[in-house]
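Have the sequence at hand as you read.

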Amino acid sequence: MMAGFGAFIELSQAIPAIHRDAEWDDWFADMIAILLALIMAWPFMILASRRRGTRASDTAAEPR
């Protein structure tokens, strides 16, 4: 979802009327930042799920 939003921003910058430059390198940088943020958040998600007494895989498989 976040990568899609970054792509939307880059595509909207390609509109000549707003006088911005769309660069796909910016989108790749956004994707790398998203990946790094998820990697850094992963241990905290594990600790939080252990504190609740559940595993992250168990909560993802439960129907809502």
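Helices (H or I, at least four residues) and strands (E, at least two) are DSSP runs, numbered from the N terminus. Read in that way, the chain has the pattern α-α-α along its sequence, with three helices and zero strands in its secondary structure.

A word on the ground rules: this is a predicted model, in which local features need pLDDT of at least 70 and side-chain atom pairs count only at pLDDT 80 or more, while totals for chains, interfaces and linings use all residues. Residues are numbered from 1 along each chain as its sequence is written, and side-chain values use heavy atoms, with hydrogens and water left out.

**The chain as a whole**

How much of the protein chain is buried? Of its 64 residues, 9% count as buried, where buried means under 20% relative accessible area, exposed over 50% and partly exposed in between (1.4 Å probe, protein chains only). The protein chain exposes about 5800 Å², and carbon and sulfur atoms supply 68% of that area. Such areas come from the Shrake-Rupley method with a 1.4 Å probe; for residues, only the protein chains shown count as cover.

**H1 against H2**

Helix H1 covers residues 2–13 and helix H2 residues 24–52; they pack at an angle of about 160° with their axes 9 Å apart. That angle makes H1 roughly antiparallel to H2, a label for angles over 145 degrees. Axes here are lines fitted to C-alpha atoms, for helices over the stretch in contact, and angles run from 0 to 180 degrees between N-to-C directions.

Which residues meet? From H1 come Met2, Ala3, Gly6, Ala7, Glu10 and Leu11, and from H2 come Trp24, Asp26, Trp27, Asp30, Met31 and Ile34. The residues of this contact divide into eight nonpolar, one polar and three charged. Contact means heavy atoms within 4.5 Å. Ala, Val, Leu, Ile, Met, Phe, Trp, Tyr, Cys and Pro count as nonpolar, Asp, Glu, Lys and Arg as charged, and the others, Gly among them, as polar.

| Residue | Exposure | Relative accessible area |
|---|---|---|
| Phe8 | exposed | 53% |
| His19 | exposed | 73% |

Phe8 is part of helix H1, and its C-alpha atom is 9.4 Å from that of Trp27, 19 residues apart along the chain. Ala29 belongs to helix H2; 9.6 Å separates its C-alpha atom from that of Gly6, 23 residues apart along the chain. His19 sits in the loop between H1 and H2, with a phi near 55°, a positive value in a residue other than glycine.

Definitions and conventions
Angles under 35 degrees count as roughly parallel, over 145 as roughly antiparallel, 65 to 115 as roughly perpendicular and the rest as oblique.
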